[in-house]
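Please examine the sequence and the structure shown below before reading the numbered points. The note begins with confidence, then turns to the contact between the chains, and ends with charged side chains.

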Amino acid sequence: MHIMEGFLPPAHALGWAAAAVPFVAWGLRSIGRGLQAHPERRMLLGVAAAFAFLLSALKLPSVTGSCSHPTGVGLGALLFGPAAMVPVGFVVLLFQALLLAHGGLTTLGANVFSMAIVGPFVSYGVFRAVGALGLPRSIAVFLAACLGDLATYVTTSLQLAWAFPDAAGGVPASFVKFAGIFALTQVPIAISEGLLTVLVTNAMARFNADELRALPLMAYGRRERA
Amino acid sequence: MKVRNWLILAAVVLLTVLPLWLASAPPAQPGADAPALFGGSDDRAQKAIGSIAPGYKPWFAPLIEPASSEIASLLFALQAAIGAGVIGYWLGGAVTRERAKRAAASPAPRPIDAVAADTRESAAGSPTRGSPAAESPAAGSPAAAGPASSATTAQEHRAG
């Protein structure tokens with residue numbers, strides 16, 4: 001989902017950066033407060049960040065014949081809330097922009113917006129919505145991670161379509177083109193990410209460590225059963 | 001529970017491996033070579049920008065670019081290794097901590113059961129049948145296993 005370095009016109013690059021900054025600030029505040037209240041969750045936050053690091057390094061083949069990677073931000077959004085994943089995603093994207101020439105500094109704002117803002121917030125929203133329907137936790141986790149991942153790639157397609165409208169069809173035609181590249185490729189990968197996130201949350205629930213017990217994610221469904 | 005986890009893992013592997021057979025190379029653009037199969041979707045988007053806005057020139061270049069695709073794959077492997085390392089470290093630590101806690105908690109009910117077993121034995125009135133010391137491991141082990149296994153099932157239930 002990386003928009004390559006220099007591939008957004010300056011006005012767009014600046015606009016997305018300006019849109020992302022308040023979320024990064026909100027996320028840093030949210031992490032700071034969270035760790036002050038629960039210092040024992042420090043390590044777990046590291047795990048959520050590591051999950052995003054690991055998954056976003058895995059380039060998986062897709063049915064469209066090109067490769068793409070999961071984002072891994074859904075898990076952290078479910079554990080710590082969506083705002084906490086904004087700085088985490090920012091760090092992952094900065095690492096890739098600086099060392100791997102993947103994404104870029106000028107497009108960092110746009111990439112942060114799609115992967116570290118839209119992704120986690122959609123994940124969290126889907127999780128809450130599915131929870132309200134009273135479905136099992138694994139289904140809620142799967143849909144949250146899967147749709148959050150997909151939303152990231154739809155956002156990237158929109159960002160590019162906005163910056164490069166088609167000469168004949170304008171932004172919609174351009175969006176179809178970019179979505180065909182990003183979102184379609186992402187479908188099987190998003191399903192994989194959803195399944196992997198279910199595996200990880202199952203593993204977490206199984207041995208039930210102290211710092212996990214207090215998390216809202218682990219309390220999911222207990223209310224309904226009680 | 002375990003079976004389901006293996007099924008999930010198998011599904012992930014299938015989702016990753018099947019495209020290698022199913023995907024076919026995209027059609028070649030007129031006047032260009034057919035795009036490589038299983039290149040990055042980022043590169044494909046870059047090409048699409050080229051076809052929508054042929055005049056567009058990127059106005060900023062990456063500060064550092066990996067010297068080759070081999071170096072790039074090294075850095076990606078490093079990124080994955082850091083992530084997997086942190087997850088593994090935490091998982092190992094948390095599992096060990098929980099196991100130690102459970103082991104420390106389980107011997108507590110044993111004396112009560114052992115006493116009950118002793119009383120039962122003396123009530124049966126067979127002082128000649130073996131020493132209590134020889135009997136106690138047999139009486140003690142199900143008692144020790146009891147709380148641990150019930151704790152596991154409770155967790156399985158909660159996890160499911």
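1. The term pLDDT denotes the predictor's confidence in each residue, on a scale from 0 to 100. Helices (H or I, at least four residues) and strands (E, at least two) are DSSP runs, numbered from the N terminus. Within chain B, helix 1 (residues 2–22) has the highest confidence, at a mean of 90, and helix 5 (residues 132–159) the lowest, at 46. Over residues 129–160 of chain B the pLDDT is below 50, and this stretch has 25 contacts in the model beyond near neighbours in sequence; a contact means heavy atoms within 4.5 Å.

2. This is a predicted model, in which local features need pLDDT of at least 70, side-chain atom pairs count only at pLDDT 80 or more, and totals for chains, interfaces and linings use all residues. Side-chain values use heavy atoms, with hydrogens and water left out, residues are numbered from 1 along each chain as its sequence is written, and chains are lettered from A and ligands numbered from 1 in the order in which they are written. Chain B has a mean pLDDT of 72, with 59% of its residues at 70 or more. The model scores are ipTM 0.86 and pTM 0.80.

3. How much area do chain A and chain B bury between them? The figure is about 5900 Å², of which 70% lies on carbon and sulfur atoms. Buried area is the accessible area (1.4 Å probe) that two parts lose on being put together, summed over both. In chain A, the residues that lose the most area to chain B are A:Phe7, A:Arg206 and A:Phe207, together 11% of what that side buries.

4. The contact involves 71 residues from chain A and 62 residues from chain B. Between the two chains, 14 residue pairs are in polar contact, both residues being at pLDDT 80 or more. A polar contact is a pair of N or O atoms within 3.5 Å; within protein, one must be able to donate a hydrogen and the other to accept it, and residues adjacent in sequence count only if both atoms are side-chain atoms. Helix 8 (residues 183–207) of chain A gives the most to the side of chain A that touches chain B, with 12 residues.

5. A salt bridge is a side-chain nitrogen of Lys or Arg within 4 Å of a carboxyl oxygen of Asp or Glu. B:Lys101 and B:Glu98 meet in a salt bridge through their side chains (3.8 Å, N to O). Both residues, B:Lys101 and B:Glu98, lie in helix 3 (residues 69–105) of chain B, 3 residues apart, about one turn of the helix.
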